[in-house]
Amino acid sequence: MEIIVLPDTDAVARTAADVLEEQVRSGPSVLGLATGSTPLGTYRELIDRHRRNGLSFADAQAFLLDEYVGLAASHPASYHSVIRNEFTDSVDFAPGAVHGLDGSTKDPEAEAARYDRSIAAAGGVDVQILGIGTDGHVGFNEPMSSLASRTRIKTLTRQTRQDNARFFDHPDDVPEHVLTQGLGTIRDARHLLLLGLGEAKADAVAAAVEGPVAAVCPASALQLHPHVTVLLDTAAASKLAHTEYYQYTFGRKPAWQRF
Ligand code: PGA
């Protein structure tokens, strides 16, 4: 893992946007997009670069990480709607290039299998953006998720439903079930970009990065991946034991070496 501690959320957003811009400019790309609050600054930065510098997503495809079961794509809190509002409708993805799970499906198992097949058919994900939950989840892989899991239905913890209640009119409206890419699915992406912002994430970040690989902290499964970049603000990094080493290493990153 390359762990980079940056001064603030804007620096995290700019650095994450740099990684995605380099990928998109390199040729037709498959991006893995996350929803939630954490990547919003990154998306705003990419929209700005699209408008100011002509950064184009016309040759890119995107796959969402997860979706609530029971919400139609048109529901304002569905991740289909959220990603369109926060990012993809403001740039130039081709029609049909942004893919998500169908939360209104009557057959979640078939929908999950279809989704894994469609990611594979697109050639796999080049760069996957990830946030981290306060309980260490990535995607909606809650604690004790199989480290080898594929896309499937999961039950949200009470904590995650509370954390996400701000996106709904009433806390009880947060669905109990979700479809999520599995930890094995996520680890198939060629480059994982984990973003952590704010003190509320500090314990989960420390467990994911410096703790043992264990299903109790699903994000720790990323330690098994050969190309992971972790971008943290100082608050999210505040419980790490080895920050001085991460900063020493980043300060000596060879000029030729990319993220
Ligand atoms: P957040 O959620 O970005 O809204 O904090 C992250 C997550 O739950 O994965």
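The model is predicted, so local features need pLDDT of at least 70 and side-chain atom pairs count only at pLDDT 80 or more, while totals for chains, interfaces and linings use all residues. Residues are numbered from 1 along each chain as its sequence is written, and side-chain values use heavy atoms, leaving out hydrogens and water.

Helices here are DSSP runs of H or I with at least four residues, and strands are runs of E with at least two, numbered from the N terminus; the expected span is 1.5 Å times one less than the number of residues.

Within α4, Glu111, Ala112, Tyr115, Asp116 and Ile119 are buried (under 20% relative accessible area, with exposed over 50% and partly exposed in between, for a 1.4 Å probe and protein chains only). Seen down the helix axis, these buried residues fall within an arc of 135°, so they line one face of α4; the arc is taken from the directions from the axis to the C-beta atoms. Turned away from that side are the exposed residues Glu109, Arg117, Ala120 and Ala121. Just after α4, Gly123 takes a positive phi of about 100°.

Turning to the cavity, Gly36, Ala77, Tyr79, Val82 and Phe167 line the largest one. On a 1 Å grid over the protein atoms alone, a cavity is a set of points where a 1.4 Å probe fits but cannot get out, and lining residues have an atom within 4 Å of a point.

How values were computed: 1 Å grid on protein atoms, 1.4 Å probe; cavity = no way out; pocket = protein on both sides within 12 Å on 5 of 7 lines; lining within 4 Å.
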